[in-house]
Amino acid sequence: MRAHSVLIASNRGPVAFTLSENGALTMRRGGGGLVSGLSEVVRDTDVLWVCAALSDGDRGAVRQAPGGRLDEAGNDTGPVRMLDIPPPIFHRAYNAVANSTLWFVNHLLYNTPIAPQFDTRFRREWESYREYNGAFALALAEEAAHDAKVMVQDYHLTLTPAMLRVERPDLRIAHFSHTPWAPPEYFSLLPDDVAAEVLSGILGADHAGFLTARWASAFMDCCETFLGARIDRGDRTVTYEGRTTRIGVHALGVNGEALRARAAEPDVESHMTAIRDLVGDRKLIVRIDRTELSKNIVRGLAAYREFLGRHPEWHGKVVHLAFAYPSRHDLPEYREYTAAVQRCAKEIEDEYATDDWDPLILNVHDDYPRSLAAYRLADVLLVNPIRDGMNLVAKEGPILSERCALVLSREAGAAAELGPDSLLVNPFDVSGTATALHEALILPEDERIKRGVRLREAATAMPPHRWFEDQLAALS
């Protein structure tokens with residue numbers, strides 16, 4: 001088995017497997033935005049992707065492949081090594097720590113009178129998170145050539161850079177955070193030793209990347225507060241225990257040409273016809289999200305309801321098309337949130353629907369071609385997260401609709417680039433969001449087109465291949 005000069009490590013990989021009742025394995029492309037962006041980059045390059053087995057199908061595939069190397073078992077998506085981490089360890093690391101602790105901290109999601117509560121159970125979960133990160137570090141150490149570049153991705157793997165540094169000090173290591181980063185006063189919810197371990201884990205990298213300057217600054221502030229590290233904000237460096245880590249800002253964008261080509265295919269055109277049949281000549285407000293707590297869908301629906309209450313002149317003339325796709329339903333908070341979204345939608349329908357007008361069309365079944373069709377037909381795109389590392393929906397919409405007005409949360413990372421040509425809102429201000437929806441609907445056509453041109457330029461300024469190449473260059 002040959003060593004590799006460039007490696008990517010992430011929880012989710014570029015392929016996934018399903019296991020049928022008769023034991024047959026079926027391979028498909030892995031899901032998630034990170035996978036979609038990086039798969040495009042590495043498709044034609046010699047990059048080894050190290051990821052975790054997420055399902056029984058994945059584990060079955062790994063056990064049939066020599067050393068977990070799926071490329072040597074007939075996989076044609078490029079070199080992949082999938083790690084068969086014991087399910088109890090994976091569950092505690094992924095659900096209890098990554099998704100229920102680190103995600104909640106960095107998105108400021110806790111209801112603090114009730115949570116978090118860091119007790120003996122959490123300490124067991126944290127130990128599993130260590131083991132999970134350690135498994136990645138060992139696999140990367142085994143697969144990397146001398147002086148290789150290793151690109152570690154996201155909050156699932158905050159400890160991996162420092163662990164890998166111990167195993168292979170010759171490697172050049174980058175870590176990239178696709179989430180926001182919490183300010184010190186909120187990061188301090190974590191136990192002190194855990195906070196220090198997360199920060200020092202990332203500082204095991206030579207280069208730590210973030211989507212916006214805001215998140216990079218918050219990380220440096222935390223390093224100063226919790227580690228006593230020396231910070232140079234002008235040069236964006238953090239020096240700790242004799243090592244210096246450079247902090248980079250890399251604003252991930254969209255490959256506009258590829259997205260437009262996909263959106264012109266027959267399955268998308270078919271969905272456009274179906275949506276037109278539903279909506280008629282009414283104005284269309286669109287949102288496309290996972291039912292993720294940070295996406296703020298319930299307040300978005302409440303804003304639309306308030307808009308309808310304030311503006312009876314729009315009754316029968318506008319439809320809100322809301323795609324809210326299931327997310328993390330193994331966590332009770334997410335199941336409850338999905339139910340809240342559905343309750344809110346029913347209240348709007350009960351209050352305003354007539355025999356010939358459905359003011360809201362809510363769909364909770366994931367359908368990518370249908371989402372592309374909705375983008376193309378949108379008059380207004382609503383993106384109002386509580387907090388978001390970037391939010392590519394805000395970038396994809398204007399690429400596919402030349403006349404779409406963007407209502408955007410100021411707490412989305414994308415606001416740093418798209419804010420000047422969006423209608424920015426405070427995601428907690430339902431009344432303010434309702435006002436912005438009305439302003440977006442009445443925005444003059446020439447202004448929509450001018451803003452759309454600038455939004456598309458910003459959205460496509462850093463496509464995935466350039467985003468990845470810039471980080472590789474930062475390791476040179």
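## About the model

Residue numbers start from 1 along each chain as its sequence is written, and side-chain values use heavy atoms, with hydrogens and water left out. Because the model is predicted, local features need pLDDT of at least 70 and side-chain atom pairs count only at pLDDT 80 or more, while totals for chains, interfaces and linings use all residues.

## The nonpolar core

Let's start inside. The largest nonpolar core has 163 residues; such a core is a set of buried Ala, Val, Leu, Ile, Met, Phe, Trp, Tyr and Cys residues joined through side-chain atoms within 4.5 Å. Phe136, Trp181, Phe187, Phe219, Tyr304 and Val407 touch the most other members. Helix H3 (residues 87-106) gives the most to this core, with 10 residues. Helices here are DSSP runs (H or I, at least four residues), as are strands (E, at least two), numbered from the N terminus.

Beyond its neighbours within four places in sequence, Val407 is in contact (heavy atoms within 4.5 Å) with residues including Val380, Leu382, Leu423, Val425 and Ala440.

## Two helix pairs

H3 packs with helix H4 (residues 120-143) at an angle of about 110 degrees, the axes being 8 Å apart. Axes are lines fitted to C-alpha atoms, for helices over the stretch in contact, and angles run from 0 to 180 degrees between N-to-C directions. H3 and H4 are therefore roughly perpendicular, the term for 65 to 115 degrees. Among the residues that meet are Phe90 and Ala93 in H3, and Phe122 and Trp126 in H4.

Helix H11 (residues 297-310) and helix H12 (residues 332-352) pack at about 10 degrees, with axes 9 Å apart. That makes the two roughly parallel, which applies to angles under 35 degrees. Tyr304 of H11 is one of the residues making this contact, and Tyr304 is also among the core members listed above.

## Two threonines

Thr212 sits in the loop between strand S8 (207-210) and helix H8 (213-227). Thr212 is buried, at 6% relative accessible area; buried means under 20%, exposed over 50% and partly exposed in between (1.4 Å probe, protein chains only). Not counting residues up to four places away in sequence, Thr212 touches Val249, Gly389, Met390 and Gly413.

Thr354 lies in the loop between H12 and strand S14 (360-363), and counts as partly exposed at 40% relative accessibility. Thr354 and Gly316 are 38 residues apart in sequence and 8.4 Å apart in space, C-alpha to C-alpha.

Note on methods:
Angles under 35 degrees count as roughly parallel, over 145 as roughly antiparallel, 65 to 115 as roughly perpendicular and the rest as oblique.
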